[in-house]
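Subject: Handing over a structure

Dear colleague,

I am passing this structure on to you, with the sequence and coordinates placed just below. Please look through it first, and then read the notes that follow.

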Amino acid sequence: MRKATIFGTAVLLALAVSLASARAEEPRSLRFEKTINYKLDKLIDLNATVGPVHIAKVELSQPSGAASLADRLRGATLSETESVVRATFDAENPEEDEWVVTFTLDFLDSRGKLIDRAVGKEGLEGESKVVKVDHAILTYVLPSIDRVEIKLEARLD
């Protein structure tokens, strides 16, 4: 009886080790997609992993008077008909290699039709950071936004 228990335990242990190593060898996905409701100033769980980069949450907001850095460098300012939508992502890359993540946000109406698209890229190298994607959008379309499709794609730099 005792030999059977020891043998059974050994078989279970070997099975657990082989399952763990099989999981470790699974290729990591480099893409992630999720559609969320368009809600401002609320933390929304993404729980996304692209490559080694983990993006836990996103928050959508409309900061007043914010123009993107690229727009400010070109000397552009927001007109009275434009607003900024900001997506703030909590991102973490535990590896020392630099991974570049492309953040794509498709703003959709209630029928799923594309209203506008925002794209941002950020490199992460063994760090945690808050990634902000600012997008200038016409103010009159804001009430039409119902959902946001978030697409994440990672690549080793």
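Strands here are DSSP runs of E with at least two residues, numbered from the N terminus, and two strands pair if DSSP finds at least two bridges between them. The model is a predicted one, in which local features need pLDDT of at least 70 and side-chain atom pairs count only at pLDDT 80 or more, while totals for chains, interfaces and linings use all residues. Residues are numbered from 1 along each chain as its sequence is written, and side-chain values use heavy atoms, with hydrogens and water left out.

On confidence, pLDDT is the predictor's confidence in each residue, from 0 to 100; its mean over the chain is 84, and 74% of the residues reach 70 or more. Over residues 19-25 pLDDT stays under 50, and the model has 0 contacts there beyond four places in sequence, a contact being heavy atoms within 4.5 Å.

Turning to the strands, β6 (residues 147-156) runs antiparallel to β1 (residues 31-37), to which 7 bridges join it, and E33 stands opposite K151 in β6. Strand β4 (residues 82-108) is also antiparallel to β6, with 10 bridges between them, and here L108 stands opposite R147 in β6.

V100 is found in strand β4 and counts as buried because its relative accessibility is 9%, where buried means under 20% relative accessible area, exposed over 50%, and partly exposed in between (1.4 Å probe, protein chains only). Leaving aside residues up to four places away in sequence, V100 touches K121, E122, G123, E153, A154, R155 and D157.

Finally, the structure holds 11 salt bridges, each defined as a side-chain nitrogen of Lys or Arg within 4 Å of a carboxyl oxygen of Asp or Glu. One of them joins the side chains of R86 and D134 (2.6 Å, N to O), and this pair links distant parts of the chain, since R86 is in strand β4 and D134 in strand β5 (residues 114-138), 48 residues apart. R86 counts as buried at 18% relative accessibility, whereas D134, at 22%, counts as partly exposed. R155 forms a salt bridge with D157, the closest N and O atoms being 3.3 Å apart; R155 is partly exposed at 43%, and D157 is exposed at 56%. Salt bridges with shared partners also join D106, R117, E149 and K151 into one network.

Definitions and conventions. Helices (H or I, at least four residues) and strands (E, at least two) are DSSP runs, numbered from the N terminus.
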